[in-house]
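Dear colleague,

Please find the structure below. A short account of the findings follows it.

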Amino acid sequence: MKKYSKISALMLCMAFCTISPTLAADIVNLPTESIKGKFYSVTEGLVVLDQKGIKKSYIRVENQNDIYRDYIVYRKSPFSGSSESTPCKVVFLDTWVVKIKLPNANTVEIPRYRIKDLEINI
């Protein structure tokens, strides 16, 4: 009986890690409108958003006066309900990890499943 409970707990954990990245609210703020979707990838200047199965690409222009214009809300630990929010600059994003640069010049790597909301301003 213990063997089956361990297997079912492992399956539940794998399902949670697979589904949870799709639960985050991803928003691209353009000068004229805000677009909701799922971020497919983000690199230094290119933002790719998947909106209802259609991949849309946007090019982010660097603004030296306002470097940290993105906004992120994430859970402090994987199973806690408490969250933190901060302005940042998203440096890299893929299916599993988000790398952000904070205003104090630190670069932080956060697993994607801990991200609640992410807004990127273009």
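Glu 84 counts as partly exposed, because its relative accessibility is 35%; the term covers values between buried (under 20% relative accessible area) and exposed (over 50%), with a 1.4 Å probe and protein chains only. Its side chain meets that of Lys 76 in a salt bridge, at 3.9 Å from N to O. A salt bridge here is a side-chain nitrogen of Lys or Arg within 4 Å of a carboxyl oxygen of Asp or Glu. Lys 76 is also partly exposed, at 45%.

This is a predicted model, in which local features need pLDDT of at least 70 and side-chain atom pairs count only at pLDDT 80 or more, while totals for chains, interfaces and linings use all residues. Residues are numbered from 1 along each chain as its sequence is written, and side-chain values use heavy atoms, leaving out hydrogens and water.

The count of salt bridges comes to six. Asp 26 forms one of them with Lys 38, where the closest N and O atoms are 3.3 Å apart. Asp 26 also meets Arg 112 in a salt bridge (3.1 Å, N to O). Asp 26 is buried at 2% relative accessibility, and Arg 112 is buried at 4%.

Arg 60 is buried as well, with a relative accessibility of 6%. Its side chain makes a polar contact with the side chain of Asp 70 at 2.6 Å; such a contact is a pair of N or O atoms within 3.5 Å, where, within protein, one must be able to donate a hydrogen and the other to accept it, and residues adjacent in sequence count only if both atoms are side-chain atoms.

Yours sincerely
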